[in-house]
6 protein chains.
Amino acid sequence: MKIVTFGEIMLRLRPEGFLRFAQADKFEATFGGAEANVAVNLAQLGCDTAFVSKLPAHAIGEMAVASLRKYGVDVTEILRGGERVGIYFIEKGMDARASVCVYDRAHSSISTADPSEFDWDAILDGADAFFFTGITPALGGNMVEACKNACKSAKKKGISVCCDTNFRAALWSLSDASKTMSELLPLCDLVISNAGLANDMFALGVPSNGELLDEDGLRAVGEKLRERFGCKAVALTQRETISSNRHRFSGALLVGGDFACSRVHDIDIVDRVGSGDAFAAGAILAVSEGMSAAEGVEFAVAASVLGHSIEGDVNLSSRAEIEKLARGGDSRIVR
Amino acid sequence: MKIVTFGEIMLRLRPEGFLRFAQADKFEATFGGAEANVAVNLAQLGCDTAFVSKLPAHAIGEMAVASLRKYGVDVTEILRGGERVGIYFIEKGMDARASVCVYDRAHSSISTADPSEFDWDAILDGADAFFFTGITPALGGNMVEACKNACKSAKKKGISVCCDTNFRAALWSLSDASKTMSELLPLCDLVISNAGLANDMFALGVPSNGELLDEDGLRAVGEKLRERFGCKAVALTQRETISSNRHRFSGALLVGGDFACSRVHDIDIVDRVGSGDAFAAGAILAVSEGMSAAEGVEFAVAASVLGHSIEGDVNLSSRAEIEKLARGGDSRIVR
Amino acid sequence: MKIVTFGEIMLRLRPEGFLRFAQADKFEATFGGAEANVAVNLAQLGCDTAFVSKLPAHAIGEMAVASLRKYGVDVTEILRGGERVGIYFIEKGMDARASVCVYDRAHSSISTADPSEFDWDAILDGADAFFFTGITPALGGNMVEACKNACKSAKKKGISVCCDTNFRAALWSLSDASKTMSELLPLCDLVISNAGLANDMFALGVPSNGELLDEDGLRAVGEKLRERFGCKAVALTQRETISSNRHRFSGALLVGGDFACSRVHDIDIVDRVGSGDAFAAGAILAVSEGMSAAEGVEFAVAASVLGHSIEGDVNLSSRAEIEKLARGGDSRIVR
Amino acid sequence: MKIVTFGEIMLRLRPEGFLRFAQADKFEATFGGAEANVAVNLAQLGCDTAFVSKLPAHAIGEMAVASLRKYGVDVTEILRGGERVGIYFIEKGMDARASVCVYDRAHSSISTADPSEFDWDAILDGADAFFFTGITPALGGNMVEACKNACKSAKKKGISVCCDTNFRAALWSLSDASKTMSELLPLCDLVISNAGLANDMFALGVPSNGELLDEDGLRAVGEKLRERFGCKAVALTQRETISSNRHRFSGALLVGGDFACSRVHDIDIVDRVGSGDAFAAGAILAVSEGMSAAEGVEFAVAASVLGHSIEGDVNLSSRAEIEKLARGGDSRIVR
Amino acid sequence: MKIVTFGEIMLRLRPEGFLRFAQADKFEATFGGAEANVAVNLAQLGCDTAFVSKLPAHAIGEMAVASLRKYGVDVTEILRGGERVGIYFIEKGMDARASVCVYDRAHSSISTADPSEFDWDAILDGADAFFFTGITPALGGNMVEACKNACKSAKKKGISVCCDTNFRAALWSLSDASKTMSELLPLCDLVISNAGLANDMFALGVPSNGELLDEDGLRAVGEKLRERFGCKAVALTQRETISSNRHRFSGALLVGGDFACSRVHDIDIVDRVGSGDAFAAGAILAVSEGMSAAEGVEFAVAASVLGHSIEGDVNLSSRAEIEKLARGGDSRIVR
Amino acid sequence: MKIVTFGEIMLRLRPEGFLRFAQADKFEATFGGAEANVAVNLAQLGCDTAFVSKLPAHAIGEMAVASLRKYGVDVTEILRGGERVGIYFIEKGMDARASVCVYDRAHSSISTADPSEFDWDAILDGADAFFFTGITPALGGNMVEACKNACKSAKKKGISVCCDTNFRAALWSLSDASKTMSELLPLCDLVISNAGLANDMFALGVPSNGELLDEDGLRAVGEKLRERFGCKAVALTQRETISSNRHRFSGALLVGGDFACSRVHDIDIVDRVGSGDAFAAGAILAVSEGMSAAEGVEFAVAASVLGHSIEGDVNLSSRAEIEKLARGGDSRIVR
């Protein structure tokens with residue numbers, strides 16, 4: 001499978017270990033962003049992947065490009081120009097102390113790019129799938145248009161469109177997100193979302209009492225999304241935050257008439273950021289390969305669970321590792 | 001509120017991560033000490049704070065000063081002179097392996113200072129509260145006298161005196177501590193203590209069976225302390241050590257006729273040292289602002305719980321973070 | 001007690017923290033190997049220990065030697081020569097992600113040494129015990145012969161022979177291991193093994209249903225091993241892998257007619273590698289000092305539990321620390 | 001002396017050691033900016049200093065504030081608000097490889113601040129001197145106005161105004177700089193500049209043949225600047241770049257009728273950034289204390305030379321250290 | 001230009017900073033090897049490059065692959081299999097203390113590969129040049145044959161063959177090298193060598209008195225090599241080792257009838273390893289683009305000089321940076 | 001040769017790289033002290049060495065012991081007890097910025113030991129030489145007596161006594177040192193000293209004009225020392241401090257009627273501390289092996305020069321490396 005993803009890749013700056021910002025005199029410097037993460041994750045799973053974005057023509061922009069090339073992502077469609085690389089600062093939480101993320105992404109090259117800079121018919125040539133998330137249109141009106149152009153080009157070419165509804169309150173309001181995403185999701189084949197977020201963003205009305213949804217609830221969210229947007233498949237996650245370092249995580253997959261929930265994983269967390277993207281990559285692979293809902297959701301959730309155990313935004317797990325966990329797992333040392 | 005704290009600040013040397021001393025070829029170098037920690041903690045909460053001590057007039061002494069100034073503590077009343085900065089080496093335990101602390105604090109500048117060097121009437125001018133712990137008088141006879149002088153000056157000025165009974169077996173015996181603290185606590189308005197320690201040090205006779213005290217037991221310790229020393233308020237902690245990295249922690253607050261216990265927190269620990277000082281700072285703020293016992297104890301305990309999640313002696317939590325946890329907490333990532 | 005251990009010491013290269021190999025640009029460099037670990041562990045417990053091996057005559061070989069000398073192991077019987085130091089790369093797992101070990105130990109100096117290079121009668125002069133594991137003979141036919149020579153020399157001198165059945169699938173098959181170990185274990189006084197491994201390797205036929213053995217099962221394994229190989233004592237471990245960072249661990253000891261199981265420890269892991277060697281060292285000391293089975297097994301298991309909490313292959317715990325845990329433990333900070 | 005400085009403080013991100021950006025996965029994170037550096041440098045020399053700027057109200061902004069407070073700079077006049085902290089990435093050159101600086105400072109809080117936010121009459125109350133550099137007005141028109149307001153307020157109060165002509169080609173053209181600085185320098189008492197830059201920027205017409213100026217040339221630059229702008233004193237630097245790690249550095253000072261050149265220092269460099277600010281701080285102190293030109297220029301140049309030997313933007317040298325070097329120097333170990 | 005290089009890529013392990021092996025508990029882990037370095041260097045210069053080798057199918061092998069992919073080298077022709085990644089340990093010297101290199105490269109996957117595994121006609125399809133060094137045939141007889149096969153395939157296709165005579169005394173004797181290289185060099189178009197090494201290895205008889213060669217001597221070496229092996233161009237280096245951290249370096253280029261020597265550079269060294277490969281890459285580009293001897297040799301030498309200033313084996317310099325230095329250089333900070 | 005050395009070993013705490021104390025939040029932790037350094041240096045040269053001292057019975061004391069054992073020094077005569085390990089903080093200078101050393105060594109276990117704790121007749125049994133420096137008696141009156149006892153015991157046994165006059169102004173005055181050393185040196189066979197220091201301390205009256213001594217001056221110092229104290233041999237160093245990182249260094253040796261000066265080395269420094277001890281170790285070996293003055297002084301000076309290139313107090317150079325440099329040196333990479 002060849003997949004093209006489109007969005008922003010940011011410089012991620014993190015104090016070492018559990019240090020707070022106030023204590024740091026060093027930052028770990030990696031790169032991430034939902035769509036770039038999915039590109040790397042799928043490359044790890046053996047797919048051909050290309051990431052489309054815009055980065056400034058300077059050394060920090062080149063660092064971002066190299067971070068993708070290292071893991072085998074095709075970077076030839078990344079434009080050079082604009083002013084800056086978006087940055088996010090992240091402080092890792094622990095126990096009752098929440099992780100803190102400070103965004104410094106305004107004015108980035110991609111957020112100020114012109115939609116006409118992307119020749120989607122050429123970019124998507126030969127691709128099987130196109131992926132973006134709710135973050136890309138949140139970067140500004142130009143990016144809404146760029147996403148629409150991409151989706152339409154994909155549609156025209158018969159390329160599967162996949163979208164994760166990712167919502168960033170720092171970029172836009174829930175109502176703006178709802179309005180824009182409601183225009184984009186009808187162009188999508190696979191919709192991926194946190195179940196609670198989808199319920200809120202699109203006012204699906206599935207009763208939740210502020211608690212996690214049960215299987216019926218998840219199925220209801222999935223079916224309502226499918227009905228609302230006419231997509232072929234819906235992949236959902238649920239997360240209970242026991243503490244910063246302990247989460248409970250599960251998912252659901254609705255594909256055609258097939259629906260399944262995964263088992264629930266109790267997770268000791270290394271790095272939670274990007275774990276939703278690990279799920280998205282797993283779900284895209286599962287749906288594109290025609291796995292059953294039961295098999296697919298366990299695969300996507302296992303990908304995400306392993307993603308929580310890895311530093312940085314990207315899920316450097318192999319397909320074999322994910323499949324081992326999806327089948328039940330074995331965490332004895334591999335010698 | 002303006003508060004003055006008085007005691008020793010030490011250089012704290014720690015092997016990286018979970019390394020034992022025998023494995024270390026590097027030490028993390030920070031500074032701490034109960035009264036200095038409380039000064040920083042209260043500065044984080046928005047109070048004016050000043051730390052009084054004595055440090056040698058050399059580069060390591062200046063590092064200690066700068067460590068306080070960085071967090072906004074007034075350091076103008078720190079004397080320069082004497083021989084050395086006290087040091088403590090700390091090895092972080094894990095699971096069944098206990099943390100190990102090696103003290104090298106004898107002959108420090110503050111422990112050999114003369115009581116007459118501190119002009120308390122001037123130092124305390126404009127302050128609302130004065131704070132010291134049982135460690136300062138344990139540094140030697142001169143410091144007992146200095147503490148008494150400070151308390152008497154505060155009393156004279158109508159400044160609230162707060163004391164944490166902190167006991168260091170490496171510095172003196174329990175009976176010596178009991179005798180000296182029994183002279184100092186009658187000068188205090190707010191007494192802060194580990195409940196079990198207070199029970200033992202002052203032979204309060206609250207039945208405990210070697211176990212944690214229940215609400216009645218905590219109330220009994222609080223009331224007996226108040227009765228014994230005539231203080232206005234008592235703040236107590238309790239801690240169950242499951243393992244080096246997992247504790248259960250709670251507190252109680254008796255203020256006037258108002259008594260309350262906090263809920264019990266299960267804690268995954270980053271750094272346990274200084275967490276008692278985080279409670280003390282929280283309790284001082286709670287009492288000085290006239291919070292109810294129930295509100296105040298949850299605030300002070302939340303401060304301590306967050307203190308466990310932060311590297312180093314000081315609790316770099318904001319008032320908003322503490323209040324969020326006191327109200328129930330939410331450890332989802334803050335974007 | 002003076003003990004001689006014989007085997008390979010390897011350079012151990014580990015990415016920092018929880019980084020995967022793909023993310024690493026630095027390796028922590030330590031040295032380890034089952035028999036070298038036991039030598040260091042017993043030196044920590046106050047025994048005279050000597051390690052016998054062969055290492056190349058270059059700077060990396062000298063690093064290995066110095067790593068032992070630092071902890072008081074006698075290194076004068078380590079031969080110099082041959083081609084290389086064996087290496088193993090280890091990536092620390094977390095949660096559902098398993099640790100990964102990549103061996104690069106072929107062609108090491110010890111694996112290509114000639115049995116005649118070791119003059120066991122001289123080497124073992126004055127020793128009370130000799131120790132090797134199932135890894136040494138797995139290094140190749142020469143090492144099988146060397147182990148036999150050593151055991152026979154020890155037998156002749158009345159020196160106690162101790163062997164841990166350690167099995168490395170990367171070095172040989174289970175059936176080859178079974179065949180060779182069946183020739184070596186009859187020369188041993190103390191046999192140490194994972195209970196399930198012994199059951200499988202020697203087809204002991206103790207029913208297990210794939211689950212951990214209960215007390216009867218452990219006793220059966222111990223007695224069957226004793227019966228099969230005629231050894232005086234058998235020490236067994238059992239481990240349940242909840243996740244990469246949480247294990248349940250216990251042991252059993254059969255010495256003469258005395259049998260006992262230890263209590264079961266729930267462990268939060270720092271570094272699991274070498275924890276079996278910590279058990280072996282504890283068991284050797286327990287048996288050599290004539291502890292009761294109950295006391296001995298709690299000691300050996302406590303040694304192993306503490307070994308899990310320490311970075312690197314070797315268990316840098318003191319006898320006092322192990323005894324404290326064996327008696328029940330107390331993980332409060334030691335000031 | 002109390003001095004107020006005004007400008008931008010940026011987050012400075014640097015790969016470790018001599019790594020190029022392409023090799024980095026960590027950045028050293030410090031804070032710097034010409035005017036902030038001068039504030040810290042003068043605080044090290046015993047002056048009361050205050051830094052005026054605007055920073056966003058988030059954790060990274062607080063890091064910048066704490067970096068100044070740590071070294072004793074008064075931070076109470078730093079406004080909070082706006083969008084972001086300016087950033088500059090710096091890669092340390094070596095030998096023939098030049099250092100590389102990538103600026104990401106557009107849209108910073110200070111560059112977008114409104115001149116009316118600064119109440120200069122209040123801010124400068126009690127100050128003896130005011131300092132800014134050519135970088136502050138280069139941040140945009142608002143900052144030109146803010147600088148003018150500050151200078152006029154200072155003039156009105158009889159406060160000495162000091163300005164370093166610092167030119168940043170990334171911010172504006174030489175002709176724009178010339179035009180704006182020509183409006184600001186007439187408000188200044190002490191003008192500090194690189195001699196060659198001043199010659200170029202203000203077309204002073206001192207013949208230079210592209211080489212370093214001799215004493216006559218330096219005197220000519222100083223006198224022409226004084227004549228052009230009517231300032232009381234001029235401090236000049238000259239630098240010959242042998243390689244990235246070896247420079248030759250000297251200065252000149254014209255104060256009233258007194259003129260002197262310093263000796264020339266051959267420097268092995270640790271960190272060149274901020275060394276001009278070290279000279280500026282030294283020159284300000286020298287002029288404000290009425291040192292002779294000869295004494296003053298040796299002091300200012302010595303400050304700069306020591307600044308080259310210190311990591312980071314700020315010159316953490318004491319007055320005693322600078323004076324020792326100004327008198328001739330002695331680099332034997334100080335025990 | 002598209003170039004294919006062929007050889008071994010090794011894991012390079014280096015103690016941090018100037019630590020000796022005996023002091024290290026960490027190794028910086030990078031990857032390098034003459035031919036891999038040249039591939040990366042040419043990719044930095046804008047060429048299409050592919051590296052051909054064999055690496056084991058495990059995580060450490062993948063690290064080597066990713067290290068090349070990160071910098072844009074085509075890795076699709078790297079075979080997977082065999083036993084191990086070759087390793088070299090390098091300790092950085094300083095002043096009078098020489099750098100020390102310990103090789104552990106025997107039995108590597110490439111050294112034990114079969115010549116038939118490489119289908120050169122397919123591999124070289126579309127290439128303009130092929131590059132190898134004297135290290136590849138030194139890995140063993142199979143690699144001599146593989147190099148010959150590659151050269152012959154290149155010849156047949158009209159692809160330019162470039163070879164650096166790199167000699168490794170740890171792999172073979174000078175006479176063996178001389179014999180084998182004398183068979184391979186007649187297949188080459190561009191021969192690159194240290195001048196003194198070529199003089200010795202091929203007994204060229206250019207008088208040298210153990211000193212560096214002057215222009216006539218360099219010309220003689222170049223012409224004798226061309227005459228002996230019939231190559232079109234010869235590129236030579238000369239190096240005077242003042243101390244571990246200071247070298248003098250220059251080169252010469254003979255291309256057709258055009259001969260030129262470069263100026264001599266005095267170098268303060270960051271990392272000397274791989275600087276010869278930087279020269280080789282520069283020479284290949286210079287010759288392939290038809291630069292004059294004078295321009296070409298300054299370019300190649302400038303590439304090498306910059307290579308000395310960069311940590312690790314590869315020369316992460318851009319074409320613009322090299323050209324700037326070739327034209328004279330300017331090591332002022334690039335803002 | 002077996003040599004016993006006697007003195008203090010301290011914990012050495014150093015900020016990383018060129019950071020000043022004010023910038024440090026980490027200290028490199030090594031151990032050193034003149035006599036301990038000489039013990040390690042001589043062990044590196046193949047001698048049997050034992051270090052005699054007293055250290056507290058806690059984990060930091062054990063770190064000091066292990067630091068010696070790692071390099072093969074016999075530590076069995078180190079007493080345990082007393083209060084603390086002496087500490088020195090060292091900040092590495094650069095260029096015109098001098099290194100700064102802050103001592104915190106008062107009250108250390110060795111400085112407060114009782115002379116009667118050392119049974120010199122037993123300790124020196126089997127030794128060929130005994131070594132101490134002027135630092136040990138400077139620790140206090142008890143240590144003067146201990147040194148005398150040791151020297152007398154050595155004399156009685158016919159063991160060669162070697163002493164370096166090392167002077168520490170932080171411990172005593174030059175006149176006190178002169179007086180005490182004048183009592184101790186008559187007991188010595190080999191006196192080692194900085195030439196200028198000896199000239200000053202013992203008022204030898206060799207004219208120096210504040211400059212380095214020429215050969216005649218060095219010879220005069222040597223002969224006057226021999227005459228004054230009746231020793232058999234005198235080894236002298238001279239050092240010109242160009243800057244913190246560049247020194248010129250040479251030595252002289254007078255042994256019997258044989259006198260020689262070494263060549264002068266220009267040194268680029270990694271770590272200057274302990275380089276005098278490297279000279280002392282070289283001189284002891286040279287004299288004890290009966291090298292000629294010319295050979296011996298080049299050996300001792302070469303040892304010291306290499307010592308400057310190595311981090312930490314001890315000279316981890318092999319005899320072969322020192323001899324290579326003594327013969328002229330070759331700093332090309334050793335492959």
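So, helix H11 of chain E, residues 319–326: its buried residues are E:Ile322, E:Leu325 and E:Ala326. Buried here means under 20% relative accessible area, with exposed being over 50% and partly exposed in between, using a 1.4 Å probe and protein chains only. Those three cover an arc of only 105° around the axis, which puts them on the same side of H11(E); the arc is taken from the directions that run from the helix axis to the C-beta atoms. Helices are DSSP runs of H or I with at least four residues, strands are runs of E with at least two, and both are numbered from the N terminus.

What sits over that side? The cover for the buried residues of H11(E) includes strand E15 (265–268) and helix H10 (293–308) of chain E, where contact means heavy atoms within 4.5 Å. After H11(E) comes E:Gly328, with a positive phi near 140°.

Quick housekeeping: this is a predicted model, so local features need pLDDT of at least 70 and side-chain atom pairs count only at pLDDT 80 or more, while totals for chains, interfaces and linings use all residues. Residues are numbered from 1 along each chain as its sequence is written, chains are lettered from A and ligands numbered from 1 in the order in which they are written, and side-chain values use heavy atoms, with hydrogens and water left out.

Staying with phi for a moment. Most residues other than glycine have a negative phi. E:Asp95 is not a glycine, yet its phi is positive, about 55°. You'll find E:Asp95 in the loop between strand E7 (87–91) and strand E8 (100–104) of chain E. Is E:Asp95 buried or exposed? Buried, with a relative accessible area of 5%. Then there's F:Ala203, again not a glycine, with a positive phi of about 45°. F:Ala203 is in the loop between helix H7 (195–201) and helix H8 (215–229) of chain F, and at 61% relative accessibility it counts as exposed.

Now over to chain C. C:Met94 lies in the loop between strand E7 (87–91) and strand E8 (100–104) of that chain, and C:Met94 counts as buried at 10% relative accessibility. What does C:Met94 touch, leaving aside neighbours within four places in sequence? Its contacts include A:Asp268, A:Ile269, A:Val270 and A:Ser309 from chain A, plus C:Phe18, C:Ser244 and C:Asn245 from chain C. By contrast, C:His265 is 171 residues away in sequence and 19 Å away in space, C-alpha to C-alpha.

Also in chain C, helix H6 (residues 174–184) has C:Ala177, C:Ser178, C:Thr180, C:Met181 and C:Leu184 buried. They pack against strand E9 (129–133), helix H4 (135–138), helix H5 (141–157), strand E10 (160–164) and helix H7 (195–201) of chain C.

Last, chain A as a whole. There are 11 helices and 15 strands in chain A. The C-alpha trace of chain A spans about 50 × 50 × 45 Å along its principal axes, and 63% of the 335 residues count as buried. Of the contacts in chain A with a separation of 6 or more, 69% come from residues 24 or more positions apart.
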